[in-house]
Amino acid sequence: MYRNVAIAFRLMLVHFGRQLSCRFCLATVEELVENEVAEKLNAKGVTLVLVSLGKVENIKRWREHTGYKGELYVDDSTSGDPRVCMHK
């Protein structure tokens, strides 16, 4: 009934940004890059992952601006559907 299943665990630090274009979020990511935080975490077996709202077409320019090369997940759901979008 039971099978041998290998389960992989991954330690990560997830940083949630408000918006790709948010100046405070940009400054935070630039500081993370400048201080080589991702590299220091990787040396300890931890992956830095960034999550933000934004448009997929802006990712390349954002990466060039910040210098961040790690994992980045962007929610670009701007449909206006209240079940999908964040509202104040």
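Lys-69 sits in the loop between H3 and S3, in a model that is predicted rather than experimental, where local features need pLDDT of at least 70, side-chain atom pairs count only at pLDDT 80 or more, and totals for chains, interfaces and linings use all residues. Numbering starts from 1 along each chain as its sequence is written, and side-chain values use heavy atoms, with hydrogens and water left out. Helices (H or I, at least four residues) and strands (E, at least two) are DSSP runs, numbered from the N terminus. For burial, the scale is relative accessible area: buried is under 20%, exposed is over 50%, and partly exposed is in between (1.4 Å probe, protein chains only).

- Lys-69 counts as exposed because its relative accessibility is 76%.
- Lys-69 and Ala-38 are 31 residues apart along the chain, and their C-alpha atoms are separated by 9.3 Å.

**Overall layout**

- The protein has 3 helices and 3 strands.
- Reading from the N terminus, the order of elements is β-α-α-β-α-β.
- Of the 88 residues in the protein, 24% are buried.
- The protein exposes about 7300 Å², with carbon and sulfur atoms supplying 56% of that area; accessible areas come from the Shrake-Rupley method with a 1.4 Å probe, and for residues only the protein chains shown count as cover.
- Among contacts (heavy atoms within 4.5 Å) with a separation of 6 or more, 54% are between residues 24 or more positions apart.

**How the strands line up**

- Strands are taken to pair if DSSP finds at least two bridges between them.
- S1 and S2 pair in the parallel sense, over 7 bridges.
- S2 and S3 also run parallel, and 5 bridges join them.
- Strand S2 spans residues 46-53 and is mostly covered, with 6 of its 8 residues buried.
- Towards S3, Leu-50 stands opposite Leu-72, while Val-49 has Glu-71 as its bridge partner.
- S2, helix H3 (residues 59-66) and S3 build a right-handed β-α-β unit; right-handed here means that, with the strands pointing away from the viewer, the path from the first strand over the helix to the second runs clockwise.

**The salt bridge**

- Searching the whole structure turns up 1 salt bridge, defined as a side-chain nitrogen of Lys or Arg within 4 Å of a carboxyl oxygen of Asp or Glu.
- The salt bridge joins the side chains of Arg-10 and Glu-71, at 2.8 Å from N to O.
- Arg-10 lies in the segment before S1 and Glu-71 in strand S3 (residues 71-75), so the pair ties together parts that are 61 residues apart in sequence.
- As background, side chains of opposite charge can pair when their charged atoms come close.
- Arg-10 is partly exposed because its relative accessibility is 45%, and Glu-71 is partly exposed too, with a relative accessible area of 22%.

**A nonpolar patch on the surface**

- Met-12, Val-14 and Phe-16 make up a nonpolar surface patch, with about 290 Å² of accessible area together.
- Patches are built from residues with over 30% relative accessible area and no salt bridge, joining like charges within 9 Å and nonpolar side chains (Val, Leu, Ile, Met, Phe, Trp, Tyr) within 5 Å.
- Phe-16 belongs to strand S1 (residues 11-17), and Phe-16 counts as exposed because its relative accessibility is 62%.

- Val-33 is in helix H1 (residues 23-34), and at 28% relative accessibility Val-33 counts as partly exposed.
- Leaving aside residues up to four places away in sequence, Val-33 touches Thr-66, Gly-67 and Tyr-68.
- Val-33 and Thr-66 are 33 residues apart in sequence, yet 7.4 Å apart in space, C-alpha to C-alpha.
- Glu-36 is found in the loop between H1 and helix H2 (37-43), and at 46% relative accessibility Glu-36 is partly exposed.
- The phi of Glu-36 is near 55°, a positive value in a residue other than glycine.
- For context, most residues other than glycine have a negative phi.
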